[in-house]
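Work through the exercises below with the structure at hand. Each task is followed by a solution in steps.

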Amino acid sequence: FFSLENIACLKKKEETMTQEDGLVSTSRSPRFTTWAAFLIFSTITLGAAVEAKNYTEASDETSDSNQKWAIACSGITFGISLIVVLMHMHSVTSIFIVGTKIEGFLCLILAVFWAATVSIVSDARHGLAVNENGEVKNGNLYYFSWAGFICSIVLWVSYLRSAFQIDMAGTLQSRSSPLQMW
């Protein structure tokens, strides 16, 4: 299905199209820096979650399973983001990820995983990043899990904008102008 000749032909066609349009051809998407930031956030969160699990005693079986779930979610997102960043770095593999439905699906899955991670990490009952009084006891885990969640939402919105030309902020601003005149 994908031979080296087909890939080279696709790449040449892409470069020809961008040269005709007057654009500069790059193998990286506009989301590359966001993917790289997401990789950093997931790395720090994974390390902090493992450290918190090792130094925090689970009060019950549910708390222990939630701590393991936080580690699993951050580990999975670390692996996915590492693979995507590496794929962005090579022009041959970037055509399989940049702007494809695979990237959109991964962005959505990562947003779901990070929503679960933030809910577990921020809950004082689990004792990972927040103590019983609601004070942050593990800053790296707490703040970088929130940064990863925000980054995953930014990735997903960026994908929706580029793939489906969906601009939620622009639509809301254009629809609110008649209300401002009223």
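**Exercise 1: salt bridges**

Asp-123 and Arg-125 are joined by a salt bridge between their side chains, with N to O at 2.6 Å. The model is a predicted one, in which local features need pLDDT of at least 70 and side-chain atom pairs count only at pLDDT 80 or more, while totals for chains, interfaces and linings use all residues. Residues are numbered from 1 along each chain as its sequence is written, and side-chain values use heavy atoms, with hydrogens and water left out.

Task: classify Asp-123 and Arg-125 by accessibility, then find which other residues form a salt bridge and which parts that pair ties together.

Solution.
1. The criterion for a salt bridge is a side-chain nitrogen of Lys or Arg within 4 Å of a carboxyl oxygen of Asp or Glu.
2. For accessibility, buried means under 20% relative accessible area, exposed over 50%, and partly exposed in between (1.4 Å probe, protein chains only).
3. Asp-123 has a relative accessible area of 16%, so Asp-123 is buried. Arg-125 has 64% and is therefore exposed.
4. Two salt bridges are found in a search of the whole structure. One of them links Glu-103 to Arg-31, with the closest N and O atoms 2.8 Å apart. Because Glu-103 lies in helix H5 and Arg-31 in the loop between helix H1 (4-21) and H2, this pair ties together parts 72 residues apart in sequence. Helices here are DSSP runs (H or I, at least four residues; strands are E, at least two), numbered from the N terminus.
5. Glu-103 is buried, at 0% relative accessible area. Arg-31, at 3%, is buried.

**Exercise 2: helix packing**

Task: how are H5 and H6 oriented to each other, and how is H2 oriented to H5 and to H6?

Solution.
1. Axes are lines fitted to C-alpha atoms, for helices over the stretch in contact, and angles run from 0 to 180 degrees between N-to-C directions. Angles under 35 degrees count as roughly parallel, over 145 as roughly antiparallel, 65 to 115 as roughly perpendicular, and the rest as oblique.
2. The packing angle of H5 and H6 is about 155 degrees, and their axes are 8 Å apart. H5 and H6 are therefore roughly antiparallel.
3. Helix H2 (residues 32-55) and H5 cross at roughly 30 degrees, their axes coming within 13 Å. H2 is therefore roughly parallel to H5.
4. For H2 and H6, the axes come within 8 Å and cross at roughly 150 degrees, so H2 is roughly antiparallel to H6.
5. For handedness, a crossing is left-handed if the near helix is turned anticlockwise from the far one by less than a right angle, and right-handed if clockwise. The crossing is left-handed for H5 and H6, for H2 and H5, and for H2 and H6.

**Exercise 3: a surface patch**

Task: which residues form a nonpolar patch on the surface, and which elements give two or more residues to the nonpolar patch?

Solution.
1. Patch residues have over 30% relative accessible area and no salt bridge; like charges are joined within 9 Å and nonpolar side chains (Val, Leu, Ile, Met, Phe, Trp, Tyr) within 5 Å.
2. The nonpolar patch consists of Leu-108, Val-112, Ile-153 and Trp-156, which together have about 310 Å² of accessible area. Helix H5 (101-121) and helix H6 (139-164) are the elements that give two or more residues. Accessible areas come from the Shrake-Rupley method with a 1.4 Å probe; for residues, only the protein chains shown count as cover.
3. Leu-108 is in helix H5 and, at 35% relative accessibility, counts as partly exposed.
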